[in-house]
Amino acid sequence: AITYTVVVTVPTGTTRNVVITDTIPAGLRFITPTSFISLAAPFTLPSYGFAQNPALGGDGSGQSTATITFGGPVNNTTTGAAPITWTLRLIVSDVATANNGETKVNTATVSYVDADNNTEIKSADVPVNIVEPLLIIEKTVSPVSAQRGSTLFYDIKIYHATTSTVPAYNGLITDAVPLELEYISNSWDS
């Protein structure tokens, strides 16, 4: 999980048609509702709507967006410029577009209508490096030669490569037993 903070600084007074969009690169995803941590400002914010494209954030294999659209003007009642802070969490997806060593660029954009009725668009990019665990699996058998009715012992080892720097989660070991062999129930041991 990667936590981002998007800060939009608004001047004192009224700013119209404010829309904040986070463009999420392929390989990362926003999961509703757990990814939306908070939206805050030192003044009262108008009601807002939240949308994702694709809906529910997709699976992370393609680019997506998360957007906040305010239902009315943003009225900064403080004595100076003040921040609207959106904190969100993105997850590194388990997809082919998220690979160890890649850099993903997340872009936040704000659009609004200024005092001259011009639409203004401002954006900021933040790169993040993808780091994945690098696991090694080994399998050995004892004895290496066996007759019908013999018991074989398989040893499966999974461990981090020396260059692996992050924990691995939700690991799943699958061992396909050939038709000629029969698994002895409850013989698994760790």
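This is a predicted model: local features need pLDDT of at least 70, side-chain atom pairs count only at pLDDT 80 or more; totals for chains, interfaces and linings use all residues.
Figure 1. The peptide bond that joins N53 and P54 is cis, with an omega of about 0°. Another cis peptide bond joins S142 and P143, and here omega is about -5°. The place of P143 is in the loop between β11 and β12.

**Figure 2. D22, a buried acidic side chain without a salt bridge.** D22 is found in strand β2, which covers residues 13-24. Where might one look for a side chain of opposite charge to D22, and how far away is the nearest? That side chain belongs to R89, which is 12 Å away from D22, whereas a salt bridge needs a side-chain nitrogen of Lys or Arg within 4 Å of a carboxyl oxygen of Asp or Glu.

**Figure 3. L90 and the residues in contact with it.** L90 is found in strand β8, which is made of residues 82-92. The relative accessibility of L90 is 0%, so this leucine counts as buried. With its neighbours within four places in sequence left aside, L90 is in contact with A1, I2, Y4, D22, I24, L28, R29, F30 and N106. One of these residues, L28, is 62 residues apart from L90 along the chain, yet the C-alpha atoms of L90 and L28 are separated by 6.2 Å.

**Figure 4. N76, a buried asparagine with polar contacts of its side chain.** N76 is found in strand β7, which is made of residues 74-76. Is N76 buried or exposed? At 3% relative accessibility, N76 counts as buried, because the word buried is used for residues under 20% relative accessible area. A polar atom of the N76 side chain lies 3.0 Å from the backbone oxygen of V10, and the N76 side chain also makes a polar contact of 2.5 Å with the side chain of T78. Apart from residues up to four places away in sequence, N76 touches V10, P11, T12, G13, F43, A81 and A82.

**Figure 5. The two salt bridges of the structure.** In one of them, the side chains of K104 and E102 meet with an N to O distance of 3.3 Å. K104 has a relative accessible area of 11% and is therefore buried, while E102, with a relative accessible area of 28%, is partly exposed. In the other, the side chains of D175 and K139 meet with an N to O distance of 2.5 Å. This pair links distant parts of the chain, for D175 lies in the segment after β12 and K139 in strand β11 (residues 135-142), and the two are 36 residues apart. D175 counts as partly exposed at 33% relative accessibility, and K139 likewise counts as partly exposed at 44%.

**Figure 6. A nonpolar surface patch that includes W188.** Which residues make the nonpolar surface patch of about 740 Å²? The patch is made by V141, V144, Y154, V177, L181, Y183 and W188. W188 lies in the segment after β12 (153-160). With a relative accessible area of 66%, W188 is exposed, because the word exposed is used for residues over 50% relative accessible area.

**Figure 7. N17 and N186, two asparagines with a positive phi.** N17 is found in strand β2, and its phi is positive, at about 55°, although N17 is not a glycine. N17 has a relative accessible area of 53% and is therefore exposed. N186 lies in the segment after β12, and although N186 is not a glycine, its phi is also positive, at about 60°. N186 is exposed, with a relative accessible area of 72%.

Key:
Residues are numbered from 1 along each chain as its sequence is written. Side-chain values use heavy atoms; hydrogens and water are left out. Patches are made of residues with over 30% relative accessible area and no salt bridge: like charges are joined within 9 Å, nonpolar side chains (Val, Leu, Ile, Met, Phe, Trp, Tyr) within 5 Å. Accessible areas come from the Shrake-Rupley method with a 1.4 Å probe; for residues, only the protein chains shown count as cover. Helices (H or I, at least four residues) and strands (E, at least two) are DSSP runs, numbered from the N terminus. Buried means under 20% relative accessible area, exposed over 50%, partly exposed in between (1.4 Å probe, protein chains only). Lys and Arg count as positive and Asp and Glu as negative; His and the chain ends are not counted. A polar contact is a pair of N or O atoms within 3.5 Å; within protein, one must be able to donate a hydrogen and the other to accept it, and residues adjacent in sequence count only if both atoms are side-chain atoms. Contact means heavy atoms within 4.5 Å.
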